[in-house]
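I opened my notebook to get to know a new structure. Here is what I looked up, entry by entry.

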Amino acid sequence: MLLRGILLAVQALQLVRALDLPAGSCAFEENTCGFDSVLAFRPWILNEEGHYIYVDTSFAKQGDKALLLSSDLQAEEWSCLRLVYQIATSSGSPSDPSQLNLYVRFEDESFDRLLWSANEPSDSWLIASLDLQNTSKKFKVLIEGVLGLGNTASIALFEIKMTTGYCIECDFEENHLCGFVNRWNPNVNWFVGGGTSRNSHSVLPQDHTFKNELGHYMYVDSVYIKHFQEVAQLISPMTTAPMSGCLSFYYQLQQGNDNVFSLYSRDVTGLYEEIWKTNSPGNPAWNLAEVEFSAPYPMELIFEVAFNGPKGGYVALDDISFSPVHCQNQTELPFSAIEASCNFEEDLCNFYQDKEGPGWARVKVKPNMYRAGDHTSGLGYYLLANTKFTSQPGYIGRLYGPSLPGNLQYCLRFYYAIYGFLKMSDTLAVYLFEENHVVQEKIWSVLESPRGVWMQAEIAFKKPMPTKVVFMSLCKSFWDCGLVALDDIAIELGSCRSPEKLPPPPGECTFEQDECAFTQERRNRSSWHRRRGETPTSYTGPKGDHTTGVGYYMYIEASHMVYGQKAHLSSGPLRGVAGKHCLAFFYHMYGAGTGLLSVYLKKEGDSGESLLWRRRGEQSISWLRALIEYSCERQHQIIFEAIRGMSIRSDIAIDDVKFQAGPCAEMEDITQQSSGYSEDLNEIEY
């Protein structure tokens, strides 16, 4: 009877939980709460006894997808989306595991934004916590399950819950503990305190949230300590959206005991940074701590307690919260990535030169067959050092960036191109200049580089004192002087993370990893090809890609085609939405026999395509940017068509394709005055 009573109580709690769930949430007790399976794919099955939905290989096969789509949602305040899930597989580690993806679909975008992905199998339920930035736009949540290899592969969802607030906030009243996890240690661990749990070894406090013994908190006790400096760690969910403000929490230390309570931040590369530490025993009651916390990139919090022996007492933690405003004692101005970056289109931004004289000149080169244009668009401005007016033996040109606050991790990215030097070593170098100590430290320099190709450089650095980035160009002797070009300098907070560790940007394809969602009807020697470096035929094609200079792009190899032969590259299906769309991409059309590059719109149900944009003939030795605005309220595809010209010097390439909602931010006249023919069809309404 007792067991039956417990089961009835659990069922009653689950029913209440299902009724009280906010919009965008579901406990999957009796239905899917407005989440619907997309009919074009495998359905998610509601378990007969409730509690979860699933897809498995009993009714689907490897590679099959099941899509679950929410109703329209809004998050006018910052929200946290929590997903309780399990990915199961047959014994052994499959080479092709099942995968669970979560996308956000905004009402005005033709593509979905990948927010989170997981493929690690588990024999228990796991929790994913995902931050949703506040927005006035309506959106939907799309959950995609892709079955992997194995006869017993399955993916299950136990609960989806969307609540107002930040994912790193927690009062520890719910049994999922807001996604916080204890890093297991044989002797000392974080436990849930309060409620009906008491500990005879320590006089534990009352919960802070409800001020009684029924509430819950986290605590760690030294009673089982066996070694000096035993450490217990409580780890928060990883942030998934940039945030900056004041982190606050309540803690309690048992008086007069030898323990150290610290708070660390840790990024995806494993870099730790201590951001708070107790410096006094505090009150015997709950103490409030406020910490300035900035997470411009994914980061987790680690609450760490170190005990020096079994008499270290206890440490308790409760009511972690976050506010996007600075703490009361914080007066330092936040770092601005915009102020520390520049593409030199309008001016030098916040960069400046030595007072001794102009060393770097802001120039704009008309794209032609001999000199590349800028990196930003192929048509704009960039900086050039060692010009014919300044080139002299022993010449040095210095470009200083704005002052950067100390004790922060930075990532510096910029593009450079080298022309004419016999020896490239140290023709361009980057230094850090500490203003307080008048000290310069070299952190990067050119060793070898393809001539005349825009190359990307990435440098991570951190200094305790305020510092400036200095770009220095050096002309060692009259007989070995050349040109150094610089463009698109960007400084961001955080480590320079490897692109392989990041989800692809929404609506973008750089072709670095693969061809994204682009497809071709047939693949042969006359198709579009993914390539890095120069093309095989001389005097045509790019020397490197646009993204980094050493990455991949898509192109047609004219020597494998005949005059007039076509190659088509089609995007994946794009949703039709009201309003403007913007398609941006870079194209390369260099070679005396260059043919035709066209962009078409193909709407679902139509037999033909509509022309959006076209270029004919040789355009430039540079990568040039194209911006195309169009409207389409039906599902559609974008098709890139390249037609081979009259000779083998007719390679055509594209790179860095990007779809975005709304009108193009910088609609420009990008018609090139060249020997070729071009048509301007930059804005077409359908």
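Predicted model: local features only at pLDDT ≥ 70, side-chain atom pairs only at ≥ 80, totals over all residues.

**Entry 1: the enclosed space**

How many cavities of 30 Å³ or more does the structure hold? I found 1. Next I listed what lines the largest cavity: Gln520, Glu521, Arg522, Asn524, Ser526, Ser527, Lys566, Ala567 and His568. By class, I noted 1 nonpolar, 5 polar and 3 charged residues in that lining.

I then turned to the second largest pocket, with a volume of about 1,300 Å³. Its lining takes in 39 residues, and Lys65, Tyr103, Asp112, Glu144 and Ala517 lie nearest the centre. Several strands give two or more residues to this lining, among them β4 (65-69), β8 (113-118), β10 (135-146) and β41 (652-661). Which element gives the most? I wrote down β7, with 4 residues. The lining of the second largest pocket divides into 22 nonpolar, 9 polar and 8 charged residues.

**Entry 2: rings**

I looked up aromatic pairs and found 39 in the structure. One of them joins phenylalanine 585 and phenylalanine 640, whose ring centres are 5.0 Å apart. Why did I log this pair as edge-to-face? The planes stand at 85°, and over 60 degrees counts as edge-to-face. Phenylalanine 585 belongs to strand β36 (residues 577-589) and phenylalanine 640 to strand β40 (residues 636-643), so the pair ties together parts 55 residues apart in sequence. Are these two residues buried or exposed? Both phenylalanine 585 and phenylalanine 640 are buried.

I also marked a cluster that ring pairs link together: Trp190, Phe249, Tyr251, Phe261, Trp276 and Phe303.

**Entry 3: charges over rings**

I checked where arginines meet rings. The charged end of arginine 362 sits over the ring of tyrosine 381, 3.9 Å from the ring centre. Arginine 530 lies over the face of tyrosine 552, and here I noted 3.8 Å to the ring centre.

**Entry 4: a sheet**

My last entry is an open sheet of 5 strands, which I traced in the order β2-β3-β11-β6-β9, with antiparallel pairing. Which strands are at the edges? They are β2 (45-46) and β9 (126-132), each pairing on one side only.

Terms used. Residues numbered from 1 in each chain as written. Heavy atoms only, no water. Phe/Tyr/Trp six-rings, centres within 6.5 Å; stacked < 30°, edge-to-face > 60°. Buried < 20%, exposed > 50% of the residue type's maximum accessible area, 1.4 Å probe, protein only. Lys NZ or Arg CZ within 6 Å of the ring centre and 35° of its normal. Pairing = 2+ DSSP bridges. 1 Å grid on protein atoms, 1.4 Å probe; cavity = no way out; pocket = protein on both sides within 12 Å on 5 of 7 lines; lining within 4 Å. Points joined across faces, edges and corners; volume = space filled by probe spheres on them. Nonpolar A, V, L, I, M, F, W, Y, C, P; charged D, E, K, R; others polar.
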